[in-house]
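Please look over the structure shown here before reading the briefing that goes with it.

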Amino acid sequence: MENTTIENKFKTPIIIVSVVIPLAVVLLFSIRLKDFGISVEPLSFLPPIYAAINGLTALLLILGVLAIKKGNRALHQKLMTSAIACSVVFLLMYVAYHMTAESTSFGGEGIIKYIYFFLLITHIILSVTIIPLVLFTYVRALSGQFDRHKKIAKITFPLWLYVAVTGVIVYLMIAPYYV
């Protein structure tokens, strides 16, 4: 009973964070520091770094699943905690880049344009969806609710992996169009 109490304790903060993060990203995405008289060079070096962090997140997720399948709970926890940390670092870099640089338009044409936008749109939608899933999955593990953790992790893992991998693919597809 105590374990579900721990989850209930975190339920409201998780919901708040899950709403605030996407709203903050949308808001910050539309703010340019130069519009406030803050002269800062575009952080144009960040996109390949945060794409690499997405790739690292995907690797950590896969290694984390392999670790738990081998019964190594301690390694699994470290890898998944590292994946969450990578996601936070990605988010901070992503917002910092977009606050200092103009958005880049995809220049591809034909079928590749439709593939790009499909990947981008599904990536964005699932990146919002994954926030509460990751947080509830993590809290259930920390509170020792391993049956409930495993049940939600079966949903969280493939979605989070998709977000991480498509983040890299979207970057690789738009990279030639960065100015």
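This is a predicted model: local features need pLDDT of at least 70, side-chain atom pairs count only at pLDDT 80 or more; totals for chains, interfaces and linings use all residues.

Residues are numbered from 1 along each chain as its sequence is written, and side-chain values use heavy atoms, with hydrogens and water left out. The protein has five helices and zero strands, where helices (H or I, at least four residues) and strands (E, at least two) are DSSP runs numbered from the N terminus.

**Overall fold**

- Read from the N terminus, the order of elements is α-α-α-α-α, and along the principal axes the C-alpha atoms fill a box of roughly 55 × 35 × 25 Å.
- Of the 179 residues, 35% count as buried, a class that means under 20% relative accessible area, with exposed set at over 50% and partly exposed in between (1.4 Å probe, protein chains only).
- The accessible surface comes to about 10,800 Å², and 72% of this area belongs to carbon and sulfur atoms; the areas come from the Shrake-Rupley method with a 1.4 Å probe, and for residues only the protein chains shown count as cover.
- Among the contacts with a separation of 6 or more, 80% are made by residues 24 or more positions apart, a contact being defined by heavy atoms within 4.5 Å.

**Helix packing**

- Two packed helices are described by the angle between their axes and the distance between the axes; here the axes are lines fitted to C-alpha atoms, for helices over the stretch in contact, and angles run from 0 to 180 degrees between N-to-C directions.
- Helix H2 (residues 46-69) packs against helix H3 (residues 73-100) at an angle of about 165°, with the axes 8 Å apart, and the two are therefore roughly antiparallel, given that angles under 35 degrees count as roughly parallel, over 145 as roughly antiparallel, 65 to 115 as roughly perpendicular and the rest as oblique.
- The contact of H2 with H3 has 23 nonpolar, seven polar and one charged residues, in a scheme where Ala, Val, Leu, Ile, Met, Phe, Trp, Tyr, Cys and Pro count as nonpolar, Asp, Glu, Lys and Arg as charged, and the others, Gly among them, as polar.
- For helix H4 (residues 111-142) and H5, the axes come within 7 Å and cross at roughly 150°, so that H4 and H5 are roughly antiparallel to each other.
- The contact of H4 with H5 divides into 24 nonpolar, eight polar and two charged residues.
- The axes of H3 and helix H5 (residues 146-174) come within 14 Å and cross at roughly 45°, and H3 and H5 are therefore oblique to each other.
- On the H3 side this contact is made by Arg73, His76, Met80, Ala83, Ile84 and Ser87, and on the H5 side by Phe146, His149 and Trp160; by class, these residues are five nonpolar, three polar and one charged.

**Individual residues**

- Threonine 156 lies in helix H5 and counts as buried because its relative accessibility is 3%.
- Not counting residues up to four places away in sequence, threonine 156 touches Ile130, Leu133, Val134 and Thr137, and its C-alpha atom is separated by 6.8 Å from that of isoleucine 130, 26 residues apart along the chain.
- Valine 19 lies in helix H1 (residues 2-29) and, with a relative accessible area of 45%, is partly exposed.
- The C-alpha atoms of valine 19 and threonine 129 are separated by 9.9 Å, although the two residues are 110 residues apart along the chain.
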